[in-house]
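Notebook open. I want to look up a surface patch, a charged pair and a helix crossing.

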Amino acid sequence: MPKNSKVTQREHSSEHVTESVADLLALEEPVDYKQSVLNVAGEAGGKQKAVEEELDAEDRPAWNSKLQYILAQIGFSVGLGNIWRFPYLCQKNGGGAYLVPYLVLLIIIGIPLFFLELAVGQRIRRGSIGVWHYVCPRLGGIGFSSCIVCLFVGLYYNVIIGWSIFYFFKSFQYPLPWSECPVVRNGSVAVVEAECEKSSATTYFWYREALDISDSISESGGLNWKMTLCLLVAWSIVGMAVVKGIQSSGKVMYFSSLFPYVVLACFLVRGLLLRGAVDGILHMFTPKLDKMLDPQVWREAATQVFFALGLGFGGVIAFSSYNKQDNNCHFDAALVSFINFFTSVLATLVVFAVLGFKANIMNEKCVVENAEKILGYLNTNVLSRDLIPPHVNFSHLTTKDYMEMYNVIMTVKEDQFSALGLDPCLLEDELDKSVQGTGLAFIAFTEAMTHFPASPFWSVMFFLMLINLGLGSMIGTMAGITTPIIDTFKVPKEMFTVGCCVFAFLVGLLFVQRSGNYFVTMFDDYSATLPLTLIVILENIAVAWIYGTKKFMQELTEMLGFRPYRFYFYMWKFVSPLCMAILTTASVIQLGVTPPGYSAWIKEEAAERYLYFPNWAMALLITLIVVATLPIPVVFVLRHFHLLSDGSNTLSVSYKKGRMMKDISNLEENDETRFILSKVPSEAPSPMPTHRSYLGPGSTSPLETGGNPNGRYGSGYLLASTPESEL
C-alpha cells in the first residue's frame, strides 16, 4: 500500500483519518479483510450487530442512565410556559373548559408526534438535520429550520432567565423591594412616586426598576446595564451546563428537573392554607362551556401543546439520539407527556390558589377604600343615611354588606351614580385581571408573595424555581442547535458550543435595551409560532406519506421488539396532518385579520396600551419568519434539480488508534451500507431507516461483482463474513 495512503497514515497517528469508500475500493493492494472491523457481508446478525453496537457506542456519547434521559426530556418539555402560559390560557379560555380541547389535541397530535420524534432520533442516532436528511433528502431543510427556530427561541428565552436572576438576587432583603412604592422628596415634602401610585408597587418595580421600559418599540433608550449583566450570567450558566454535551447537561438535569417539583409542592401546601385559595381554584375550574366551541381556543390549545412538548425544536430528537436502539421510546412518550400535563395542572392549582388569596386581599382593600368614600359622602350630605341598611357596621364592613349598600345607592342615585366614583369590588373582577402573560410571575405572583409570612424565603424559592425551569428548557434548546450541527459538519463540540453562547449573548443585547421587552413579545408571540407549526406538519408528512407509515411501523417493531398500537398509524397518516393543516391555515388567517402588536407601558399614564408594530418592525417580523422557513424550499429546490448532492454515493470511513470505524454522517442512500455491512439487507442494523433501493444501470448495484473475489470490488472488501479484530 502506498506510504501516503490514509490507511497507512492511521498506523502512525492517533488522530481521525477519513476517507471515502470509493477511495478505499480504488486501492490496488489487497487488505486482509479477515482482520478488518469493516465487516463487508457479515456472517449472521449476532456478531455483526455486536460490532455495530460497539462502534456506535465508541462514536457517540450515551446517557449514563435511563433516569438521566427521562429527566432531560422532562426538563426540556416542562418550562416557564407551564408556570405562566398554561394558567393564563386556562383563565382566558374558559377555565376548566380549556382542559377539554387541550387534552383532545394532546392525545391526537401531541403524544403521536412526540413519539414520532423520539423514534426517529433513537433509530437514526443523529440530530434533526441528519434525521430529516435520511428520511427524505428533499425535505432535509426541516432540520436547518429547526435549528434556526431554536436559535430564535433561545435568544429571548434566556432573557427571561435573566429577569428571574435579577428578581432572585433582589429577594434577599426584607421587606421585598416591590412591596411598597418608593418615596421621593420634593424639597421638604416627601411624596409617593406618581407612576407607582397610579399603578401598584409590584407593577412599578417590574416596568421601572427591572426593565426601565420605554414607551414604545421605536424608542430604544439604550442598554439596561442591570439586565445586561443578568443576561451575561444566564448565558454563562447555560454555557457551563452544555459545553460538554450530555456529559455535563445530564448531571445538571438531576437538580434542574427535580427541584421545581419540590418548590411547586411547597407552594401548593402553602397556597391551600391561605384564606381565599378555594375561591381562586373554583374560579379556575368552573368551566365556561361556550368557550369550547371557539376556534381560537382550539388554535391556542394546539400551539400550547407544541410548545409544551417541544415539538419541532429538535431538542427531543437530539436527546433521544443518545439512546440505545432497544430503548422503549413508546413508554417514554406517554410518560413525559403525562408528566408535562400533570405539571401544568399542578402549576395552575398553585397559581390560582395564591391568586385567590391575593384577590381576596385586594377585594377587601377595595371595600375599605370605597367605604371611606361613602362615609365622606354621608358626612357632607351628598348621600342620605337612609340609604345605608341598618345592620351595616362601617367598623366591621364585610364584602356582602358593602355589595348590598352599593346596590341600594346605585338604584336610588342612578342619575348621579357615576359621579360618585364607587367601585363594585367584585371578587370575580379581581380574579379575571390577575393573570396577564409574563406579568403573572413578575407582577401578580410577586405581589401575592409580599403578603406571605417570611416573604423573602418564598420569593427566593419561587425565582430559583423559574431559573431551573428555564435552564432545563435552554439545555434542550441548545441541544437542538449544537447536536445537528456537530453531527453534520463535525465541528469541535466545546469550541462550537462556546461560540454559540457568545454569539447569542451579543445578539441578545437587543432584548436588554429599554425597549427590549417589546422585542421579546415579537419573538415569543409571532416569529416562532408559524415556522414551528410548518416544521411539525412537514415532519409528519415526511414520515407518514413520503417514507411510509407502514414501513415506519415495521421499523419501530424491529427496534422496540413489539408493534406499537394501531392508533398511531391512523394519527400519523390522517388525523394529525389534517389537524395541523387546519391550525396552520387558522394561524395565517389570524395574522391577516389581526395586525401584530404589543402591550406598551406608557409612563405618563402608568398603564398599558396596545400598539401595533410600526412598518420597520413588521418588516423585521416578516424577515424572521422567512429566514426560519427559507431552508425548507431552498433545500427542496436544490435537491430536486440535483444542484446539491444528497450524499447518496458517499460513505466515509474513519480510523482512530488502530481501528477502522464507519462514519455515516454524510450517507444518504442506504444501499451502500447494506451491501458493505451485510449480504442480506435485513441483517444490517442500519442507523437510519431504509427508504429506497439502489437502482443502478441494469438495476444492478455496482458492488455486486458476481463471483470474482479478486476483482476490483473484491480487493479486501469481499461480500463475505469477516470477524471483528484489529486492522
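I started at I546, which I found in helix α24. Helices here are DSSP runs (H or I, at least four residues), numbered from the N terminus. The model is predicted, so I kept to its limits: local features need pLDDT of at least 70, side-chain atom pairs count only at pLDDT 80 or more, and totals for chains, interfaces and linings use all residues. Residues are numbered from 1 along each chain as its sequence is written, and side-chain values use heavy atoms, with hydrogens and water left out.

Next, the patch. W545, I546, Y570 and F574 make a nonpolar surface patch of about 430 Å². Its members have over 30% relative accessible area and no salt bridge, with nonpolar side chains joined within 5 Å; areas are Shrake-Rupley with a 1.4 Å probe. Helices α24 (529–560) and α25 (566–593) each give two or more residues to the patch.

Then I searched the whole structure for salt bridges (Lys or Arg side-chain nitrogen within 4 Å of an Asp or Glu carboxyl oxygen). The search gave 10. In one of them, K92 meets E300 at 2.9 Å, N to O. K92 sits in α5 (residues 80–92) and E300 in α14 (residues 295–309), so the pair ties together parts 208 residues apart in sequence.

Last, the crossing. The axes of α12 (residues 246–272) and α16 (residues 329–379) come within 9 Å and cross at roughly 35°. I used lines fitted to C-alpha atoms over the stretch in contact, with angles from 0 to 180 degrees between N-to-C directions. Contact residues (heavy atoms within 4.5 Å) include Y261 and F267 of α12 and L346 and V350 of α16.

Note on methods. Patch = residues over 30% accessible without salt bridge, like charges linked within 9 Å, V, L, I, M, F, W, Y side chains within 5 Å.
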